[in-house]
Amino acid sequence: MSLPRAKLVRNFPGCPVEATLSYLDGKWKGVILFHLMKGTLRFNELRRNLPAVTQRMLTKQLRELEESGLVSRTVFPVVPPRVEYAMTPLGMTLKPVVDALAAWGDDYVFCSPEGRELRMSSGGLHAPASPLQAG
């Protein structure tokens, strides 16, 4: 049985890209970080920003980001309980990475009701980005 990638971080053979991606892998982690870089958000605010993610998956991804030290979770002892998520100083070091991903997506990923596709911004070659519908 193979171990999850997050458990193997110490065993990577010197590849910083693979090691870094092990902290970001997960369909929603990059998007969560993108939204949290704008400021602290409550759980339901994050959910509104990510309508396609289930509550269970959002909770799981947030826990993993918190466990890795990229996101902090603050629970306020009020009724009903209030929980806020924010980037940690370590998490904020990923801002240039997330900004670069956003810029690349703005330039090369085009979404339509039929799905997503990659293409050169000059209108040159293109290829389907995913067989799945954008959603």
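The entries below follow the order in which I looked things up.

Before starting, I noted that this is a predicted model, in which local features need pLDDT of at least 70 and side-chain atom pairs count only at pLDDT 80 or more, while totals for chains, interfaces and linings use all residues. Residues are numbered from 1 along each chain as its sequence is written, and side-chain values use heavy atoms, with hydrogens and water left out.

Entry on Thr 88. I found Thr 88 in the loop between strand E3 (82-87) and helix H5 (89-92); helices (H or I, at least four residues) and strands (E, at least two) are DSSP runs, numbered from the N terminus. Is Thr 88 buried or exposed? Thr 88 counts as buried because its relative accessibility is 13%, where buried means under 20% relative accessible area, exposed over 50% and partly exposed in between (1.4 Å probe, protein chains only).

Entry on the aromatic pair. I looked for aromatic pairs and noted one. The ring centres of Trp 104 and Tyr 108 are 5.4 Å apart and the planes are at 45 degrees, so the pair is tilted; rings of Phe, Tyr and Trp (its six-membered ring) pair if their centres lie within 6.5 Å, and planes under 30 degrees apart count as stacked, over 60 as edge-to-face and the rest as tilted. Both residues, Trp 104 and Tyr 108, belong to helix H6, four residues apart, about one turn of the helix. I noted Trp 104 as partly exposed, at 44% relative accessibility, and Tyr 108 as partly exposed too, at 25%.
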